[in-house]
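Trainee: Please take one part of this model and go through it closely for me, and then show how that part sits within the rest.

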Number of protein chains: 2
Amino acid sequence: MNACILAVGSEMLTPFRVDTNSLVITERLNTIGFDVRLKAVVADHVDELVRVLEGALTWADVIVVTGGLGPTEDDITRDAVARVLKLPVDVDEGIVDRIRERFARRGLTMPENNRRQGMVPRGAIVLDNPNGTAPGLWLERDRTAIVLLPGPPREMVPMFEAVVRDRLAPKSDGGGLFRRVLKITGRTESDVDAAVGPVYTTWTSRPIPISTTILAMLGQIELHLTAQAGSRADADAALDASVGELQTVLGAAIYSTDGRLLEAVVGEMLRDRKMTIAVAESCSGGLLASRLTDVPGSSDYVERAIVCYSNRSKVELVDVPESLIATHGAVSEPVAQAMAEGVRSRAGTTVGVGITGLAGPGGGSPEKPVGTVAIAVTAGDYLRVRTFQFFGGREMVKFQSTQAAMNMLRLILLKADAPFWPAR
Amino acid sequence: MNACILAVGSEMLTPFRVDTNSLVITERLNTIGFDVRLKAVVADHVDELVRVLEGALTWADVIVVTGGLGPTEDDITRDAVARVLKLPVDVDEGIVDRIRERFARRGLTMPENNRRQGMVPRGAIVLDNPNGTAPGLWLERDRTAIVLLPGPPREMVPMFEAVVRDRLAPKSDGGGLFRRVLKITGRTESDVDAAVGPVYTTWTSRPIPISTTILAMLGQIELHLTAQAGSRADADAALDASVGELQTVLGAAIYSTDGRLLEAVVGEMLRDRKMTIAVAESCSGGLLASRLTDVPGSSDYVERAIVCYSNRSKVELVDVPESLIATHGAVSEPVAQAMAEGVRSRAGTTVGVGITGLAGPGGGSPEKPVGTVAIAVTAGDYLRVRTFQFFGGREMVKFQSTQAAMNMLRLILLKADAPFWPAR
C-alpha cells in the first residue's frame, strides 16, 4: 500500500523550517503497512496543490495532507481538494457553532472569517479536533483515501492516531514495516559495516525479510532494522533474532537496542549498582553533567559536577596540583586523572570523571591540536585514562568528549574489553 | 521566478531523516530572486520521479534535484531526467577516467558499476564534483533549468554555490528575497504580536515590501523579516529601517538582530565589560555552563560552574547555609540567592548565578509544582531574584531556566527596566 504525505504552507518553504509532521505520520503509516513513496511541501497556491494532488491520486492508496485548514484566504487545502474531486462545498453550521462556542468559552467573539473552517466538500466525513478550531476531513475517491488534518502537531497527532485506528488500519492489507534501532559507539562506520555486512545481507531473503541501514552520526552509529511482516508479533520475533545475531558480532559496542540514549543506559547501570557519580569538566563545559541530568531520576546518582574552566578552579575545586599543570599542561592525562580522583574524593562518590581538552577554535598547537581531549574515569578500584583526537568544531568536540567519557564508564562497569573509541 | 527542489532517495522517506539540503538551497535561491513553490522527497522509483518532474516542468523556472546520482541500480535520477526530456544517454569516458583516477589515488580499482556515474543525457553540461565521484549535470528545456547534484551536503553545497554564481544568477530577473531574523525573549507571542502588528502591517505596501512572520519557540520568539528588492543594498537599507522601528516598540526585549544566540550576546557583554562569571546550577544540571561555553573564547569570562545537585553539595561547594534549606526548601529564592552569592564569592568573579528548581517529572507538590524554578543573578552591586513557573518536560524546564537566567543577566547589564520573562 502506497502513501503520499503533503504539507501545505509557504512558511514551510523558507530556509528556517523543516516539516517534522511527516516523520510522525510516516512512522504510524509504516506500522500498519503503508510505504511512503512521496512527500512534499507545497506553497499556499491552489493551482500548485491541485497539480500535486492530481498526480498523487493516480497511484497513492492514501494521501495525508497537513495544514492549510485555517480561517484565512491563504488556507487553500479545502478548496484544492474540492476542485480536484469536483465536489461542491457547503458550510456545515454544526462545525461553525462548535467553533463559536470555543471562542465563547474564552470570553471571545468568533471572527467572521472563522466560518471558512466550517466549509466541507460534499460527502466528506468531519474529523473532530479536540485541541483546535480546524476540524479534519476524510474523503475517498476510488481506491484512494484523502485525509486532511491541521498543521500544528498537538492538534494533528491525536487526530491522526484516531484516523489510523478507526479508518486506515482496516484498509491496509495487514502487513506492516516494523523497526528496531541499535545504537553503537566505539567503532567506525566501515568497521561496523565490515563486521555486520556478512550477517545482515542474508536477512533479505528470509521468510520475514529484514532490511538494514547503517547511519553514521556524531560519536555513534545507528543500525536501523526494518522487518516486513504480517503482524507485530511475527516482526518482533524476527527482529529479536536479528538483534541477537548482531550482538554476537558487535558485543559490547552496542549500547542500546530500544532507542535509549547513552546517558540513560549509563544512568541505569549506576542506579542498578547503587553507585554515585561526580564529574570534573574543563573543555566539555558542563555538557556531560547536563546530559547525565537530562535523565529523569538522575538526582539519585549524580552528586555534583564541577566545571573547572580556569586553571585556578582546577586547583581550588578538585585539588589538581599546580605542579602537575606546570609540568604536563592543563590538557594532559595526569591532569585528567587528578580531576577524576579529586572530584570523586571530595564528593565521596563511587565514580569520578575528569575531562580536559582543547575544544577550539583557538588554543591548538602542533603537539596538542584542537580536538585533543584527555579523559579519566575512575570507578571503584578501576582507573582508565585515555587521550582522544576528536574532529570538528567546538560543539562537536564537546559532544564527542561526553560520549567517549560515558562509554569509558559503561565499559568499565561492564568490565568489557572493548575499545573506548574508534582508532583513526 | 519559481523554483522546485527535489530530493531523491527512499532512505529520506523513513521516520528518522529530514531533508536539510533543501534549506541551504532555498536560502541561496531566495537571495538571487527565486521563490521556492514546491519541495518534495521522492522514493527511488523512476516512475514516481518522472511524474513529479513532468509536473514541475510545467511551471518551474529552475528544478534542483539532489541525490540518486550514485553508482547503483537504485540511483535513478539520470534515467528519470533523460526519460522526461526524451534524451538518449551516452557514457562520457572522460568522467569515467576521472572516477577511475580518484579510486587509483587511494590505491583502489574502480568497481565496474561506477561507470553508471559517467552516464550523461545528451546535451547536458557536466558539473565538476571536487569532493566525490558523482558529477553534477545541468540541462535546459524551454525556460526551465534542471540542475542535478549529488546528495551528500559536503559535495552538494560547493557545487550548488558554483551553479548559483555562474549559471542561475544571470537567469534571474535581478530581484531577490533578503531576510533578517530578530530574536526576542521575556515576552509572549501574543504580546509581541500586539506590539508589532500595527507596525509591520504597513510595510507590505512600501516601495520595497517587507513581509513579517512571528515564530514562537521554546523560551524565545523570532520575527522573520523578508524584503523583496532589486539588490542587497536596497534590501539592507529597508530592513535596517524596519528593524529600527521594531526596536523602538520592543526595546530591550530584542536581544539579537543578526542571528546570534543569547549565550553569544551575553558573552560579548561580559567580555566588553571585562567581567567574569561563575554559576551554581541545580535543576539546570550544567546546561547553563554548557551553553555559555559553546561560545568560542568563553574561557576568557567563564571562570567556573558548580552543578550542586545534592543538598550536601550546595552546602559544601557554594556555602548555602543548611538552615536556609531546612527553613525554605532547596527550591526557594533564599537558596538561589545564597548559591549565586556563594559561587561568586568563592570564585572571585564579578557575576554570580544561582538556579534551583524542579525539572520533574517527580518531586512536585501543590505549593511547588514541577517547573517551579528560583533564579538569582548578582552582578557588581546588583542582585535580582525571581521565581518562575516553566512548562513542559525535564529538558524544556532546563532550557527555559538557562534562557531566563541569561536574560536576567543581560537586562541587569543593560540596566533595562524590562520583564525578565513573560507573565503567564
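Mentor: Let us look at the place where strand S2 (residues 35-42) of chain A runs antiparallel to S2(B), the two being joined by five bridges. Strands here are DSSP runs of E with at least two residues, helices are runs of H or I with at least four, and both are numbered from the N terminus. This is a predicted model, in which local features need pLDDT of at least 70 and side-chain atom pairs count only at pLDDT 80 or more, while totals for chains, interfaces and linings use all residues. Residues are numbered from 1 along each chain as its sequence is written, and chains are lettered from A and ligands numbered from 1 in the order in which they are written.

In general, strands of a sheet pair through backbone hydrogen bonds, either parallel or antiparallel. Two strands are counted as paired if DSSP finds at least two bridges between them, and the resulting open sheet has twelve strands with mixed pairing, in the order S6(A)-S7(A)-S8(A)-S3(A)-S1(A)-S2(A)-S2(B)-S1(B)-S3(B)-S8(B)-S7(B)-S6(B). Its edge strands are S6 (125-127) of chain A and S6 (125-127) of chain B, each of which pairs on one side only, and from one strand to the next the twist averages 15°.

On the chain B part of this sheet, H1(B) lies across strand S1 (2-8), S2 and strand S3 (62-66) of chain B, running at about 160° to S1(B); such angles run from 0 to 180 degrees between N-to-C directions, and axes are lines fitted to C-alpha atoms, for helices over the stretch in contact.

As for the rest of chain A, it contains 13 helices and 17 strands. An automatic or database assignment supplies the domain bounds, giving domain 1 (2-171), domain 2 (176-256) and domain 3 (262-414). The C-alpha centres of domain 1 and domain 2 of chain A lie 35 Å apart.

Chain A also holds a helix pair, H8 (residues 262-272) and H13 (residues 394-414), whose axes come within 10 Å and cross at roughly 35°. On the H8(A) side the contact includes A:Leu262 and A:Met269, and on the H13(A) side A:Met406 and A:Leu413 are among the residues involved. This contact has seven nonpolar, two polar and two charged residues.

Definitions and conventions
Contact = placed C-beta atoms within 7 Å. Nonpolar A, V, L, I, M, F, W, Y, C, P; charged D, E, K, R; others polar.
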